[in-house]
Amino acid sequence: MKNIVILGSTGSIGTSALDVIARLGKDYRVMALSANSNTELFLKQLHSFRPRFAAVMSPESYEKIKDQIPEGTRLLPPEIESLMFMASLPTADLIISGVVGAVGFQPLVSAIKAGKTIALANKEPMVMAGKTLMKECERWEAAIIPVDSEPSAIFQCLAGMADEHGYQKLSSEISRVFLTASGGPFAKRKTSLSTVTPAEALNHPRWKMGKKITVDSATLMNKGFEAIEIMNLFNLPEEKVQIVIHPQSIVHSAVEFNDGAILAQMGEPDMRVPIQYAITYPLRAVGPVKKLNLFEAAKLEFFEPDLTRFPCLDLALAAARKGGILPAVLSAADETAVDAFLKEEIKFTDIPKLIYTVLKSAPQTSGEATLNQAQEADRWAREAAAACLKEKSYKTAVI
């Protein structure tokens, strides 16, 4: 029996994970579920899977559902400590983190310090302080299995190849990592992006995801986050990470070794595949999606990203290059900017301007960000971004 905790069960990762677990059968048990505010779906999940613990982060949602919890399930208070408690449950075998944004940082730290295996879809913590978190994993004998399709693809290509030295030694054998991106809804759009609406940005051509990550995919910031994530996960320098626009989303990523050999992970674009791999790792169960038909796939295209048209990607790579607290600042500023865009307070093309303005005013630090520094940088950046929004000072930024 594998006992599983899912943080963010009503999002795209969480719902897909529950679908996978239901298909896998009795050897997999849901111990705890958390959500933010989708009470209708959350109650259905609670009554279907009957976990021991449940939590909602919205106080309004807590009041709404507290009298409708199934017998045997304990509803925890609507606070971050509840997620931290669930992430470190002694009897939990796997923590699936599908929450969005920096809210997943403290639960991830709790899971690591409890020596857990974490199936991680919440990439922001790995952006904020990934190298430090990996050192904490080594210290507490915890493990992170990436769930996003592209980092998972790299993980699968490297599975079983790291010895007792881990990725520290293996990275010297890697020539390049090809990190693929669909390009989002505007990859081939020729007209100005200044008039893009939230509805257009949320219309992803390949993946069905939450709003924040979908907008990040449209700006290519998500690919910048993934680049930083895999640099930290697999101990790779920036020059070994090559981002490739691949509209068909069939090649999920690939690894080129020093001898010229390239290993790629391919398959239909369905998040249930990497999620199931993380749940059953190191084993593979019968897949929940149709098999890839190479004859139907026929043509696979690969392009270089346009950093001028999609400056968010350029900003992410620059933050990774400079290091310190800047990746944490980047993550927080982006979260604020995307929220403002979805509320139609700023234009799509204002997103990178706001992020740039906050990055430019950030205090400089040297070395890897500590866990405390990353959290403080996140707090500072949110305040700075809010001030920029209020003053509209980001409009003077030059990208």
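Two strands are taken to pair if DSSP finds at least two bridges between them. Helices (H or I, at least four residues) and strands (E, at least two) are DSSP runs, numbered from the N terminus. On that basis, I96 has A119 in β6 as its bridge partner. The structure is a predicted model, in which local features need pLDDT of at least 70 and side-chain atom pairs count only at pLDDT 80 or more, while totals for chains, interfaces and linings use all residues. Residues are numbered from 1 along each chain as its sequence is written, and side-chain values use heavy atoms, with hydrogens and water left out.

**The seven-stranded sheet**

- Seven strands make up an open sheet with parallel pairing, in the order β4-β3-β2-β1-β5-β6-β7.
- Its edges are formed by β4 (74-76) and β7 (143-146), each of which pairs on one side only.
- Neighbouring strands are turned against each other by 25 degrees on average, direction ignored; axes are lines fitted to C-alpha atoms, for helices over the stretch in contact, and angles run from 0 to 180 degrees between N-to-C directions.
- Four bridges link β5 (residues 94-97) to β6 (residues 117-120) in the parallel sense.
- Helix α5 (residues 105-113) packs on this sheet and touches β1 (2-7), β5 and β6, with a direction at about 150 degrees to that of β6; contact means heavy atoms within 4.5 Å.
- Strands β1 and β2 are paired in the parallel sense over six bridges, and I6 stands opposite L33 in β2.
- Strand β2 (residues 28-35) is mostly covered, with six of its eight residues buried; buried means under 20% relative accessible area, exposed over 50%, and partly exposed in between (1.4 Å probe, protein chains only).

**The four-stranded sheet**

- A further open sheet has four strands in the order β9-β8-β10-β11, and its pairing is mixed.
- β9 and β11 (262-266) stand at the edges with a single partner strand each, so one side of each is left without a neighbour in the sheet.
- From one strand to the next, the twist averages 20 degrees.
- Strand β8 (residues 174-181) is mostly covered, since six of its eight residues are buried.
- β8 runs parallel to β9 (residues 241-245), to which five bridges join it; L179 stands opposite I243 in β9.
- β8 pairs with β10 (residues 251-257) in the antiparallel sense over four bridges, and the bridge partner of I174 in β10 is F257.
- β10 and β11 run antiparallel and are joined by five bridges, with S253 opposite Q265 in β11.
- Helix α7 (residues 149-158) lies across β8, β10 and β11 and runs at about 40 degrees to β10.
- Helix α11 (residues 221-233) also packs on the sheet, touching β8 and β9, and its direction makes about 150 degrees with that of β8.

**Packing of α6 and α17**

- Two packed helices are described by the angle between their axes and the distance between the axes.
- Helix α6 (residues 124-140) packs against helix α17 (residues 371-391) at an angle of about 155 degrees, and the axes are 9 Å apart.
- The two helices α6 and α17 are therefore roughly antiparallel to each other; angles under 35 degrees count as roughly parallel, over 145 as roughly antiparallel, 65 to 115 as roughly perpendicular and the rest as oblique.
- The crossing of α6 past α17 is left-handed, a term that applies if the near helix is turned anticlockwise from the far one by less than a right angle, with right-handed used if clockwise.
- M128, A129, T132, L133 and E136 of α6 make the contact with L371, A374, Q375 and D378 of α17.
- These contact residues divide into five nonpolar, two polar and two charged; Ala, Val, Leu, Ile, Met, Phe, Trp, Tyr, Cys and Pro count as nonpolar, Asp, Glu, Lys and Arg as charged, and the others, Gly among them, as polar.

**Individual residues**

- K390 is located in helix α17 and is exposed, with a relative accessible area of 77%.
- The C-alpha atoms of K390 and T10 are separated by 32 Å, the two residues being 380 residues apart along the chain.
- The peptide bond from Y281 to P282 is cis, with omega near 10 degrees, and P282 lies in the loop between α12 (272-280) and α13 (294-297).
- N235, a residue other than glycine, has a positive phi near 55 degrees; N235 is found in the loop between α11 and β9 and counts as partly exposed at 30% relative accessibility.
- K392, in the segment after α17, likewise has a positive phi near 55 degrees and counts as partly exposed at 44% relative accessibility.
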